[in-house]
Amino acid sequence: TGVAVDMSSVRYVGSQSWPFPQSLMLGFRATATDEVINVDEDELAGAAWFKKAVVERSGAVVDLERRSVLDEEVARKVLEREEGLDLLIPPQGVLARRLIDDWLQQR
């Protein structure tokens, strides 16, 4: 699963504990060398590229939501309510969101 990346562009961003015993999640940034995404469906339900405007809108919606969009029922209701939104990003305070916010701030 993944995308081809320019190995010289790989940069460590941070880490956080993972919800499995004695595990750690590591976050890296890298530049893709093409737009092909190889998805191992045993590992991921799907993957796609998104425009920054879509990700920014998702972040704004998630930040206004008072309940965790990590909860499947909450996420479903938010997506039904927000016409045309087909992406929810993680809430602030987690490594995945930091990676996304860093990318959004890069112009």
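This is a predicted model: local features need pLDDT of at least 70, side-chain atom pairs count only at pLDDT 80 or more; totals for chains, interfaces and linings use all residues.
Let me start with Arg97, which, leaving aside its neighbours within four places in sequence, is in contact with Gly59, Val62, Asp63, Ile89, Pro90, Pro91 and Gln92, where contact means heavy atoms within 4.5 Å. Residues are numbered from 1 along each chain as its sequence is written, and side-chain values use heavy atoms, with hydrogens and water left out.

Arg97 sits in helix H3, residues 95-105; helices here are DSSP runs of H or I with at least four residues, strands are runs of E with at least two, and both are numbered from the N terminus. With a relative accessible area of 3%, Arg97 is buried, and for that term the cut-off is under 20% relative accessible area, with exposed meaning over 50% and partly exposed lying in between, using a 1.4 Å probe and protein chains only. The side chain of Arg97 also reaches the backbone oxygen of Pro90 at 3.0 Å. Leu95 and Leu104 are buried in H3 as well, and the cover over the buried residues of H3 includes S1, S2 and H1.

Turning to helix H2, residues 72-81, the buried residues there are Val74, Ala75 and Val78. They lie on the same side of H2, because they cover an arc of only 100° around the axis, the arc being that of the directions from the helix axis to the C-beta atoms. These buried residues of H2 pack against helix H1, residues 52-64, whereas the face turned away from the buried side carries the exposed residues Glu72 and Glu80. At the start of H2, a side-chain oxygen of Asp71 comes to within 3.0 Å of the backbone nitrogen of Glu73.

What about the protein as a whole? Buried residues make up 21% of the 107 residues, and, among the contacts with a separation of 6 or more, 55% are between residues 24 or more positions apart.

Finally, which segment holds Val10? Val10 is placed in the segment before strand S1, residues 11-17, and, at 31% relative accessibility, Val10 counts as partly exposed.

Methods
A polar contact is a pair of N or O atoms within 3.5 Å; within protein, one must be able to donate a hydrogen and the other to accept it, and residues adjacent in sequence count only if both atoms are side-chain atoms.
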